[in-house]
Amino acid sequence: MTTTAVPAAPSADTPALDVEGLCVDLSTPSGRLRAVDGVSFSVRRGRTLALLGESGCGKSMTALSVVGLLDPAAEVTGGAVRVRGSDTLRMSPAERRKLAGPVLSIVFQDALTALNPVQPVGRQIGEPFRIHRGLSRREAREKAIELMTRVGIPEPRERARSYPHQFSGGMRQRLLIAMAVALDPDVLIADEPTTALDVTVQAQIMRLLRDLQDEREMAVVLITHDLAVVAQRADDVVVMYAGTVVEEGPVREVFSRPRHPYTRGLLDSVPEHAVRGRPLPAVPGSPPELSAVPSGCVFQDRCPLVRERCVRERPPLRASGDGRSAACHFSEELARA
Amino acid sequence: MTREEPAGADGTSPAPARHRPSWWRMLGRDRAASAAAVVLAVTTLVALFGRLVIGDRAQRQDLDASLRPPSLGEGVYGLLGTDVLGRSVLARLVDAAATTLSVAVPAVLCSLLIGSALGLWAGYHGGRRESVAMRVADVILSFPSLLVAVVVLYVFSPSALNLVLILAVARIPVYLRTARAEAAELRSRLFVDAARTFGTPGREIIRRHILPIALPTLLTVATLDFCFVMLTESSLSFLGIGIQPPDVSWGLMVAQGRQYLQTAWWITVLPGLAIVLTTVSATVLAAWARIATDPAQRWRLTLPVKRRGASAAVPPEMIP
Amino acid sequence: MVHFLRKRIISSAVPLFCVVLGVFFLARMTGNPVDLYLPLSATAEQRAEFSAAQGFDLSIPAQLWNYLADAARLDFGTSLRTGQPATEMVLDAFPVTLQLAGVTMLLAITGALLVGSLAAYRPNSLADRFASLLSMTAASIPDFWFAVMGVLVFGVSLGWLPTSGTLGGPEIWVLPIATLLIRPFGVLVQVVRGSMVSALSAPYVKIARSKGATPLRVIFGHALRNAVTPVLTVAGDLTVGLVNGAVIVETIFGWPGIGKLMIDSILQRDFAVLQAAVLLTAVTIFALNILVDVCHALTDPRVRQAVPA
Amino acid sequence: MKSPVSSPPPGRRRPRTTTTLLLAGTVLVSSGCAVANSAGGDAGRADGRTLRVVLTQEPPTLEPCEASLTGTGVVVRSNITEPLVERDPVSGELHPLLATGWKQTGPRTWTFDTRSGVTFQNGEPFTAEDAAFSIDRAVNSDLACNVEGYVFGDDDLEVEAVGDDRLTVTTAEPDPILPLRLSFVEIVPRTTDTEAKVRVPIGTGPYAVRSWQAGTAISLSRHDGYWGEAPDFPRARYVWRSDASVRAAMIDKDEAEIAVALDSMEAEKDTTAAYPNNETTALRLDGREAPLDDLRVRRAIDLAVDRPGIIDALLGGLAEPAGQLVPPGVVGHSEEIEPVRQDVAKARALVREARADGVPTGRTITLVARNGMFSGVSETAEALQYQMERIGLRVRVRMADTATQLQYQLRPLPKGVGPIALLIMHGNQAGDAAFTASQYLLSDGPQSTFGSGDLDRRVADAGLLSGGKRQQAFADLLAHQNETVVQYTHIAHMSGLLGLSPSIRYEPNSATGDELRLAEVRQAGAVKR
């Protein structure tokens, strides 16, 4: 892996977003399941944190609980989500609404369904100004046109009256981003923002996101399963597996010397890592069903290093002092390997 | 790690990996739906076998026992009182269940089958076939169905069969339009295109790809229609046609008993309740089935009934 | 849009003609009305005379031809029962029903949007269950029963409302409209609830909430317009169904509307009036269908775009 | 149908749908109220001056020559127009009205003296000329008046005014009851249209039509030049509700002073008055079709019916068991005929006997009845069906509308419909059994399915008699039909039920259902003069 040097963003001392011990339970027909189990991370302004994992590992649910958009089947059962010093989980709905937009903001992957199909896009982009700044319809429209210009929509004044279905996928994603950054939020959560797009468009969108982040000093939480994106864009990475954090730390270090067999497996599955002429190693098997997460180490079923202790005892996420942590009994061993 | 329902501090028991929850279990979790299922089951059983139990009790008149109020002292058949001809209201309710269902169920099924088939076909193929089908629907819809029923039932004698036919024809357009709309939307979807590319014949595509998606909607419409059919039959009885004595339906009982509202409420209120209970149960169960058959929605059934402010951890706002 | 309207109107012509034919034959199936209009003891000659005067002695195709020829001149014949022109009777009765139906649907749609949306906002909540139960019960109460109960309870026992009739202030509207209202309201609440539940779980609603929109803004600003399409369709069908309800309501409350006129003309074999009434109703229903399509286009830009401007 | 994504449509201002809808709604509501208000000039409030009557249906017309239609007659007769002669509904005697006297002046000729000093509601004086004109118009014209066929035969009448106050009427055949027949002819001014029927008539009656709001109400006001005693109420107003419970509710709610044709279960209320209405219900058995062609089967049906049971349970106890088609008070009613008492055992025995002789008693008999014929008709049909099945017959009920029922009731009788037991209600407002016999008893009577030559002869002979002999002859032939023909299973002499507000006093009589004389209605406070 070629770790592109990401310039360190200027950062304040206190984290813009601080998630601690977040637990989310899911009601399912076969009972309550823990979908997110004690996830903690924090991100400062100007920095980008990537939440990395396979689908179903709980990364999206973590993101949704941070912005308070969980489905009713899911319920936050513990932990804290702190922005600007206060825990959003303890707030009243009205207080939360004040944060939504100016402090916390989110971009979804499927821009077609994330835009209201029956409203002109200009109105949707201007809506945050109407809600939080009390601007008039006309003023909000002007702001929307500004934003559309900023995210690179051609002929923004005319297109502001168009409806989402009249835009291409990349344009829609730009619109969605424009809406999310409208009020200069402290934290922008980008939930797989490029998954549904062509590769060329992906790059454009990622560049747009980075430019906006630089310009507005936002903290970005990037949710993705794409290692390349993480490598190129993120400062720190949190690797999730089956609802838990298995490893975290600065991207460069984690990717160069993973301390968890799962991270390692992920990295090995990327072609650049593979040794020419040898079969591409992948992580064998698939993540466990939430209802069948083993009681010991969550990764034991797929781990090449699994031992008797792993079945018996779940490894805690241990910090190793260098800003990195991993949840493996044998992380040192792995680091040395 | 696994948490079975009231999660222990550190759940260690391995949960049985149940991929798809059983219908019974899902039903059991929804109290309203299980109650509805019980009501419908009882109604069906009564309709199927009630007549064997009551014999001719529903027809047996006793003019001296006219309009007896419900009482415990008159044996089982006096439990719900008697009507103006001295017949047991209980026995008549049982007898009427069979007649009512034997009109409503075939009528709904006929219109569902014919309407959906035509609609899916029209919607899938589009073009001229679609517009012809839609115009036919327009024509049927623009005849006031109650009046057509009045004409036909007066001319061709008000038999149950005619009643079923009238009601079925009158409701065909509803299914036709719904099915057409669904099919028209689905026909341009990728998986349909794919199937077409592989040379799957139209009928097969409709059956395998379009019908399963359109079915829940059609079934919901059908349950609402079940109610409509029972009510229309009742309205026809009010106008003096509909089910003819000595047959009896709930609708007929309500219509006939309405004169006695002030003196003998039980004659009209009880069959009215039967109609309401059955249709409400059918609707509840249909709503439940609709969710239960939709993998994307199934989780809803697992939700506990949330009361305002019951769970502090999740702001009410988070519940869509 | 104009083109679309023109196309819809032209494509309605054939079905309308079918309706005309249909009602003509339907009416003829009910038999010769001579018995009703002549004294019981009328002689065979008198009967023949009457039939000839009314044209019932002609062959059916000849009768049809006469009818169509007259209809083309907008002459729909004379009522056997009252001797008045059928057109006049129908046009007198029609506004009554139109107003009843209009007010009813307006209230039903408004009420259903409110109740249904609130129920959908928290699925399975107590309020939701209550609203659902209420609406399902409402949709399954026989209308004539409700009407008679209303007269007895609100008219006689409580004395709040007049029992029936068309003369008087707004209170005269309450019972007829309530009777007509219960079913469309009940059905619509369920439709609104259903489509709102799915609209509210759509990603754009999450996005709206992520912008800090209040629940009211989420429901009425974002979800409602998206949820309204099925509601419009069902509301259109229910409006058509109101003709049935109007028969009952007008019969019970003595409103001189088209429903009562139609059932009376059937029972009295007053073909001219029946044909004129059904034709006018059919035209109205076609117009209503077009209106529903226009509303679809107004509420959904995707539909609007599919319609050539 | 698909449009390219690239071309956004020009930005059109979309009308705000909600606003438009609301606006449309407001207009609808307000226009609705406007209609209601403009229609409600006098909103029918209890003002003590308007007599409000609620009928079952809107009169199709007020044309006086259609007054033998119940719907028309109840409004028109004796209120708006009057005949020369009226029949006292209680005694059956004829009283002078617009004629002061009459006598038979030839075998086929009657002479009537007309009243002087009578004016029409349009101010014209009434003369014998008008009377002659009215009879001519009703009976001899091409208007096809209902009264023509109902009361008079095919033959025209010769009518002649002899001076201003005398008129002669000559019939083709001797007619001993011509004055009774003429009591059905309402007198209109000679200016009345002879080519077409009129919707709103002018007469000499105590009330004149003030307005007719189609579908809503008919208002009458007192005719100030009325020759007789002025009625109590200066105004009257007719409305109509087809549902009996609503009519009853309107009395309870003081929205009407008089409501006609209430359900029999309202009979216990203080605000109702029952009256024998000269209607007789019976089951007409089609004697041409097996098994009804067997006398024993017809007898058995007669024996099977539980008349007191039906009357008490279904007809509110208001009717009287009947043994003949002619109710008391009508010429020809026989005091000797007793209603048949139910005897199930005997009836069964008769059916068994018939079956043993090869009569197909298992063939399904269709019991046809008409919706709305009387209150409780469908229950009565069910009771009859049950009682007939109890004696071993097979019966199904068919409830029909008026037109369909008439097809069964009138000749030519429908073919290929199997054995029919038709529930009929025979109105004998004319007050003479001749009307009944010629319709229901003659073997080819318009409403009869069969008969016997013997009976036909008796009917013909009786029609020519008058006085006590006439009475005896008809009474005998009614008894004869019960013994030898048994076409009818008589059920009950019916009663009508009138709702009366406590604020008025009115004594209903057997004619009330056909002519509701508003002038006889008094305010409760007023002293009866």
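D:Ala208 belongs to strand E8 (residues 207-213) of chain D, where strands (E, at least two residues) and helices (H or I, at least four) are DSSP runs numbered from the N terminus. This residue counts as buried because it has 23 C-beta neighbours inside 10 Å; a residue is called buried if 20 or more other C-beta atoms lie within 10 Å of its own, exposed if 12 or fewer, and partly exposed in between, with C-beta atoms placed from the backbone. Leaving aside residues up to four places away in sequence, D:Ala208 touches D:Ile80, D:Gln121, D:Leu220, D:Ser221 and D:His223, contact being defined by C-beta atoms, placed from the backbone, that lie within 7 Å.

The model is predicted, so local features need pLDDT of at least 70 and side-chain atom pairs count only at pLDDT 80 or more, while totals for chains, interfaces and linings use all residues. Residues are numbered from 1 along each chain as its sequence is written, and chains are lettered from A and ligands numbered from 1 in the order in which they are written.

Two helices can be set side by side, the expected span being 1.5 Å times one less than the number of residues.

| Helix | Residues | Number of residues | First to last C-alpha | Expected span |
|---|---|---|---|---|
| H9(D) | 344-356 | 13 residues | 18 Å | 18 Å |
| H6(C) | 126-139 | 14 residues | 20 Å | 20 Å |

In H9(D), the buried residues are D:Ala347, D:Leu350, D:Val351 and D:Ala354. Seen down the axis, they fall within an arc of 95°, so they line one face of H9(D), the arc being that of the directions from the helix axis to the C-beta atoms. These buried residues pack against helix H7 (295-304) of chain D, whereas D:Ala345 and D:Ala356, on the other side of H9(D), are exposed. Just after this helix, D:Gly358 takes a positive phi of about 95°.

In H6(C), C:Asp128, C:Ala131, C:Ser132, C:Ser135, C:Met136 and C:Ala139 are buried. Their arc around the axis is only 125°, which puts them on the same side of H6(C). Their cover includes helix H8 (202-238) and helix H10 (265-292) of chain B, together with helix H5 (86-121) and H8 of chain C, while C:Leu126 and C:Phe130 are exposed on the other side.

Between chains C and B, 47 residues of chain C are in contact with 44 residues of chain B. The largest share of the side of chain C that touches chain B, eight residues, comes from H1(C). That side divides into 32 nonpolar, eleven polar and four charged residues, where Ala, Val, Leu, Ile, Met, Phe, Trp, Tyr, Cys and Pro count as nonpolar, Asp, Glu, Lys and Arg as charged, and the others, Gly among them, as polar.

In chain A, an open sheet of eight strands with mixed pairing has the order E6-E7-E8-E3-E9-E10-E12-E11; two strands pair if DSSP finds at least two bridges between them. Strand E6 (104-107) and strand E11 (318-319) stand at the edges with a single partner strand each, so one side of each is left without a neighbour in the sheet. Strand E3 (residues 48-52) and strand E9 (residues 236-241) of chain A pair in the parallel sense over four bridges, and A:Val239 in E9(A) is the bridge partner of A:Leu52.

Notes. Contact = placed C-beta atoms within 7 Å.
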